[in-house]
Amino acid sequence: MPPSVPKCFLDAIDRRQDACAQMYRAREGWQSVSGKEMLRRVAGFAQALGGLGIQPGDRVALFAPNCPEWHVADLAIQGLGAITIPVYFRESAERLTYILRDSGARIVFTAGREQAQKIEEVRGGVDSLRQVISSAAPSELDEDTLGYGPLVGHAADAAVACYRERAGAVRPDTLATIIYTSGTTGEPK
């Protein structure tokens with residue numbers, strides 16, 4: 001059986017810590033993130049999720065466009081043995097509500113103004129949802145929304161060691177992701 005995704009990530013980082021793990025375009029131009037720095041961010045986010053009570057088997061939704069934070073969140077979720085629920089970043093409020101309810105997502109991660117506002121719009125209608133974490137959210141949002149930056153900004157060696165331990169316990173046959181199809185009629189499945 002092949003190794004789990006978190007194990008593959010850690011093996012790649014261990015082989016090439018200083019290599020570029022992510023490259024993305026920002027306002028300042030192209031930015032790169034080393035493997036060591038990406039592991040620190042993943043470990044910090046995993047530590048924050050664990051502190052919010054996320055356990056193996058829990059569902060965490062990612063409602064964001066493709067961005068560096070999305071990948072950090074996905075690896076953090078899977079490293080805890082939790083399940084990622086990716087949601088198309090332009091999904092309608094009705095379908096977003098359905099997916100969050102049906103999946104039982106406890107936390108949702110957003111990136112960007114549009115997604116953060118849409119989550120605020122539907123949040124009250126999703127009983128399982130306990131917390132929203134947002135990157136680049138507008139300041140006028142609910143004060144209960146946690147900022148991504150502070151959660152990953154202070155991760156130290158202890159967080160990395162904890163992530164390594166928890167990710168090492170994730171079995172290769174652990175459910176990693178539940179993807180809802182858009183379909184052509186009816187609710188996503």
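1. Strand E1 (20–26) and helix H3 (68–79) each supply at least two residues of the lining of the largest pocket. Helices (H or I, at least four residues) and strands (E, at least two) are DSSP runs, numbered from the N terminus. E1 gives the largest share of that lining, four residues.

2. Some ground rules. This is a predicted model, where local features need pLDDT of at least 70 and side-chain atom pairs count only at pLDDT 80 or more, while totals for chains, interfaces and linings use all residues. Residues are numbered from 1 along each chain as its sequence is written, and side-chain values use heavy atoms, with hydrogens and water left out.

3. Which residues line the largest pocket? They are Gln22, Met23, Tyr24, Arg25, Asn66, Cys67, Pro68, Glu69 and His71. By type, the lining divides into four nonpolar, three polar and two charged residues. Here Ala, Val, Leu, Ile, Met, Phe, Trp, Tyr, Cys and Pro count as nonpolar, Asp, Glu, Lys and Arg as charged, and the others, Gly among them, as polar. The volume of the largest pocket is about 180 Å³.

4. How is a pocket found? Rolling a probe the size of a water molecule over the atoms shows where empty space is left. On a 1 Å grid over the protein atoms alone, a cavity is a set of points where a 1.4 Å probe fits but cannot get out; a pocket is an open set with protein on both sides within 12 Å along at least five of seven lines. Lining residues have an atom within 4 Å of a point. Grid points are joined across faces, edges and corners, and a volume is the space filled by probe spheres set on the points.

5. Now helix H4 (residues 93–103). Ala93, Leu96, Thr97, Ile99, Leu100 and Ser103 are buried there. They sit on the same side of H4, because they cover an arc of only 165° around the axis. The arc is that of the directions from the helix axis to the C-beta atoms. Buried means under 20% relative accessible area, exposed over 50%, partly exposed in between (1.4 Å probe, protein chains only). The exposed residues Glu94 and Arg101 are on the face of H4 turned away from its buried side.

6. What do the buried residues of H4 pack against? Their partners are strand E3 (59–63), strand E4 (83–86), strand E5 (107–111) and helix H5 (113–122). Contact means heavy atoms within 4.5 Å. Arginine 95 also lies in H4. Its relative accessibility is 22%, so arginine 95 counts as partly exposed. Just after H4, glycine 104 takes a positive phi of about 75°.

7. How many aromatic pairs does a search of the whole structure find? There are five. Rings of Phe, Tyr and Trp (its six-membered ring) pair if their centres lie within 6.5 Å; planes under 30 degrees apart count as stacked, over 60 as edge-to-face and the rest as tilted. One of the pairs joins phenylalanine 9 and tyrosine 163: the centres are 6.5 Å apart and the planes at 80°, so the pair is edge-to-face. Phenylalanine 9 is in helix H1 (residues 5–15) and tyrosine 163 in helix H7 (residues 157–168), so the pair ties together parts 154 residues apart in sequence. Phenylalanine 9 counts as buried at 10% relative accessibility, and tyrosine 163 does so at 2%.

8. Phenylalanine 45 and tyrosine 148 form a tilted aromatic pair, 5.7 Å centre to centre with 45° between the planes. This pair links distant parts of the chain, 103 residues apart: phenylalanine 45 in helix H2 (residues 35–51) and tyrosine 148 in helix H6 (residues 148–153). Both residues are buried. Phe45, Phe109 and Tyr148 form one aromatic cluster.

9. Leaving aside neighbours within four places in sequence, tyrosine 148 is in contact with Arg41, Phe45, Glu69, Val72, Phe109, Ile133, Ser134 and Ser135. Serine 135 lies in strand E6 (residues 131–135) and is buried, with a relative accessible area of 10%. With the neighbours within four places again left aside, serine 135 has contacts that include Glu69, Phe109 and Tyr148.

10. Last, arginine 164 in helix H7. Arginine 164 counts as partly exposed at 28% relative accessibility. Not counting residues up to four places away in sequence, arginine 164 touches Leu10, Asp14 and Leu39.
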